[in-house]
Amino acid sequence: VKWAAGEPCREEGGGEDAIGHGGAEVVLDDASLLGFERQGHACVRSLIRGEALVALQKAVDEEWDARLLSVFQQKIRVLGLDAKDAAFAASADSLTSVDDARASLVGWCAAKGIEVPFLQAFNLHNGGSAASQAIRRVACCPRLGQAAAKLLGVDSARLYQSSAFYKRPGHGETSWHMDLHTAPLDTNSMLTIWIALSFVETLEDSPLVFASGSHRDFALPYWHSTRGMIEHSQRSYPCASHAPLRPGDATAHHGWTLHSAPPNFSGRTRRAFALSYVADDAPILPEAPAGEPFPPGLRQSPHAEDLESYAAWLPGLRRKHLFSEGKAGGAVSGGKGAKSQKARLVARHPAIPLVWRGAKAPVDGALPPLYISEVA
């Protein structure tokens with residue numbers, strides 16, 4: 001991965017250099033692109049550097065501390081739902097202090113005989129604080145969106161979500177999983193850029209470990225459940241980690257790349273910040289009817305791990321889609337003599353900002369921005 005001079009990097013919120021490279025463009029050579037295509041992951045050294053890195057570390061730390069109670073509550077809800085322990089899941093809303101929430105989580109895990117999991121905060125770039133706005137300038141940096149679009153081979157890219165992952169000493173293994181399995185998106189065009197905010201020197205520091213080539217294994221998500229993805233040892237993937245990583249180093253992995261992280265045995269908190277990007281035309285999965293486990297025509301629904309990340313915008317987008325369908329009779333008209341076209345909802349919403357606009361991005365007067373068309 002090399003850097004070359006380009007147009008100034010102008011992100012939402014002002015400023016020309018959100019990542020410490022003077023607005024330079026990320027140039028991905030053929031070897032980097034081919035490696036990502038074949039292995040499903042790549043490493044970018046010093047992606048964030050200098051004063052930009054120091055500012056990002058400070059902002060993420062501040063926003064993490066401000067949201068820590070909600071972070072514990074989210075983890076309690078997810079664990080309770082996974083374990084079919086409705087009482088534990090419901091208890092999250094009654095917790096009023098970080099100490100009580102931490103004690104509740106640790107006690108429940110001990111009673112279940114499981115390791116305390118890592119903690120995750122969603123969408124730190126959305127908020128009114130100065131720290132949140134500083135994070136947004138990085139998350140929405142067009143140079144990161146451009147790099148994501150190049151790796152995915154798409155024209156334009158949107159920021160799907162940001163996440164902070166703080167794994168304290170003794171926190172357990174992150175199970176094998178695929179990011180797209182938790183997203184309500186019907187697409188292959190998604191990746192995550194995982195940025196180290198602390199030193200990740202060895203496996204004891206809990207770096208991401210990737211199952212190389214798993215993003216090309218169509219049978220894995222087609223046939224197997226979440227448990228089946230975890231228990232994949234017979235598939236003989238070559239596993240790789242890009243450690244050692246210094247603060248500001250980053251890895252990028254495809255949305256269908258199977259990955260995990262070992263327990264944190266280092267004696268220090270492993271801090272990381274992740275940005276997930278999707279193609280501008282990524283379709284939304286349909287919603288399951290009331291009382292049904294899956295939407296029509298689907299084998300399964302997205303895992304609920306990331307539900308709270310998109311709960312603020314997805315229901316409203318679907319309601320707007322239903323309203324528009326009612327007005328338009330379920331079709332997008334194309335003028336006299338045009339074929340009937342069905343409208344399919346895509347992930348275009350202010351909460352998922354367009355951070356890299358390519359040559360083929362929609363312009364005013366094109367199809368409604370919430371839809372892509374399919375010839376009936």
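Buried means under 20% relative accessible area, exposed means over 50%, and partly exposed lies in between (1.4 Å probe, protein chains only). The views below come from a predicted model, in which local features need pLDDT of at least 70, side-chain atom pairs count only at pLDDT 80 or more, and totals for chains, interfaces and linings use all residues. Residues are numbered from 1 along each chain as its sequence is written, and side-chain values use heavy atoms, with hydrogens and water left out.

View 1. D205 sits in the loop between β7 (190-196) and β8 (209-211), and R268 in the loop between β11 (259-261) and β12 (270-279), 63 residues apart. Strands here are DSSP runs of E, at least two residues, and helices are runs of H or I, at least four, numbered from the N terminus.

**View 2. R77 and D93 meet in a salt bridge.** The N to O distance is 2.8 Å. R77 belongs to helix α3 (residues 68-82), and D93 lies in the loop between α4 (86-91) and α5 (98-112), 16 residues apart. D93 is exposed at 60% relative accessibility, and R77 is partly exposed at 21%.

**View 3. R348 forms a salt bridge with D280.** The closest N and O atoms are 3.1 Å apart, and both residues are buried.

Notes
A salt bridge is a side-chain nitrogen of Lys or Arg within 4 Å of a carboxyl oxygen of Asp or Glu.
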